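The following note sets out numbered points on the structure shown below. Each point is meant to be read with the coordinates open.

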Amino acid sequence: MVKKIYFQSIFFSFFFIKEAFAAESGGMPQLNPEFWISQIFWLVLTFGIMYLVLSKLILPKISNNLESRKSQILENIEAAEKQREDSDAKLKEYDEIISKSKHEANGIFNQAREKALKDIATKREVLDKQIDNEIAEAEKEINALRKNAPDKINKIAIETSSELLQKLIGANVNNSSISAIVDDLSKRNGDKYYGN
Amino acid sequence: MAANPMSQFDVYRIGPEIKVGAFDISFTNASLFMILSTVSILLIFNLGSKKNSILPNKIQLLAELSYTFVSKMISDTAGSKAKPYFAFIFSLFMFVLFCNMFGMIPYTFTVTSHIIVTFVLAAFIFIGVTVIGFIKHGLGYLKLFVPSGVPAVLLPLIVVIEIISYLSRPISLSVRLFANMMAGHTMMKVFGGFVISLGIVGGWLPLSFSVALTGLEILVAFLQAYVFAILTCIYLNDALNLHH
């Protein structure tokens, strides 16, 4: 019921609106030529001024701004690319230097080792020679001592025998005859006492 | 008076009557809104082009987006040859857009709802495009009326149709904008009148309609400005790159 009244009231109001509009309608103001010249004049004036200001002052600035931004961004990208390339090159260089120095260090180490080994070898040779010399000398001395030892023993033997004889018999016996006997004995038994 | 949906289109004098010879060039409400539109356009774009920062602020972004929008529209429809006419089409688009949008504010006057304004713009475009066409192609521009690949028998008929369609360009261009603006604003006024006369009980229905219409009209205001500019580009394309 309420709904019906609502729509009825809307429907009836249309009539009133129509009457209200009809009372004042005077056609389209657009077709009234009274202000046409004025409108044309002001349109040409305002649009003309706006066109001139836009085309001569503002639009070139905007296009300039856009272009400079574009070029700046491109430049920055280029610079970034270049820096990346630079850093790549630097990295490569660094790697090269590292590997080169490693190589060098290895070489130096090897050289040092070889040198040390050589040094040791030469020193050992010298020492060996010295030792050999000393051994040879010692042997020579021993040999000399060994050679001289029977003579000295014989001499002692002769002296002691002559003194013994003097004490035992009280007579001076000729040394030469004793020495002949000792020589003879030592020749016969030399091997037994001296190991010759 | 306020109830009449056409009274919003009345032009009235502001200040004294100015006469130059026999012509009345008085300052009217139409002149006021033309000046308002152009001044706001110049203000916005001046602010938008003042500083050039790498990261644009809002107003600069607005100006630059409008610039690229119009520039792309021109290069898409009329090619690279239309570059010298960029400033004109840009001003045209912005002028029509701002006049339409100013008209959407209640109690304002819509400059573009007057046939004389749109017709002057359209006639200027028509004459300008025709002159450009004849300068670029000489009498060869008349080939525009003779489409290729049409049987010889039909040719006289086609040529007549082409000429009529060419001559009706300024009328269709101006009437399209004027009629859209006038119809939209009249309709909004009519629905606004319904809201008042139906009162608190029945006024809600036309009010909701009015709200929806406002949204639609804002869309139409942009769309008609775009259509006006893009049709200008298409006419310019015909004049510059004669390939019919």
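**Notes on the two-chain model**

1. Leaving aside neighbours within four places in sequence, B:Ser113 is in contact with B:Phe9, B:Gly103, B:Phe178, B:Met181, B:Met182 and B:His185; two residues are in contact if their C-beta atoms, placed from the backbone, lie within 7 Å. B:Ser113 sits in the loop between α3 and α4 of chain B. B:Ser113 counts as buried because it has 26 C-beta neighbours inside 10 Å. A residue is called buried if 20 or more other C-beta atoms lie within 10 Å of its own, exposed if 12 or fewer, and partly exposed in between, with C-beta atoms placed from the backbone. The C-alpha atoms of B:Ser113 and B:Val150, 37 residues apart along the chain, are separated by 40 Å.

2. On provenance and numbering: this is a predicted model, in which local features need pLDDT of at least 70 and side-chain atom pairs count only at pLDDT 80 or more, while totals for chains, interfaces and linings use all residues. Residues are numbered from 1 along each chain as its sequence is written, and chains are lettered from A and ligands numbered from 1 in the order in which they are written.

3. Is B:Tyr107 buried or exposed? B:Tyr107 is exposed, with 5 other C-beta atoms within 10 Å. This residue is found in the loop between α3 and α4 of chain B. Although B:Tyr107 is not a glycine, its phi is positive, at about 70 degrees.

4. Chain B contains seven helices and two strands, in the order β-β-α-α-α-α-α-α-α from the N terminus. Helices (H or I, at least four residues) and strands (E, at least two) are DSSP runs, numbered from the N terminus. The C-alpha atoms of chain B fill a box of roughly 65 × 55 × 45 Å along the principal axes. Of the 244 residues in chain B, 34% are buried. Among its contacts between residues at least 6 apart in sequence, 65% join residues at least 24 apart.

5. Helix α3(B) has 18 residues and reaches 26 Å from its first C-alpha to its last, close to the 26 Å expected at 1.5 Å a residue; the expected span is 1.5 Å times one less than the number of residues. Since 13 of the 18 residues of α3(B) are buried, this helix is largely enclosed by the rest of the structure.

6. The axes of α4(B) and α7(B) (residues 204–240) come within 8 Å and cross at roughly 20 degrees. Axes are lines fitted to C-alpha atoms, for helices over the stretch in contact, and angles run from 0 to 180 degrees between N-to-C directions. The two helices α4(B) and α7(B) are therefore roughly parallel to each other, a term for angles under 35 degrees. Residues in this contact include B:Ile125 and B:Val129 of α4(B) and B:Tyr235 and B:Leu236 of α7(B). By class, the contact has seven nonpolar, two polar and one charged residues; Ala, Val, Leu, Ile, Met, Phe, Trp, Tyr, Cys and Pro count as nonpolar, Asp, Glu, Lys and Arg as charged, and the others, Gly among them, as polar.

7. How many residues of chain B are in contact with chain A? There are 46, meeting 39 residues of chain A. The element giving the most to this side of chain B is α1(B), with 11 residues. By class, that side has 29 nonpolar, 14 polar and three charged residues.

8. Chain A has three helices and zero strands. Buried residues make up 8% of its 196 residues.

Notes: Parallel < 35°, antiparallel > 145°, perpendicular 65-115°, else oblique.
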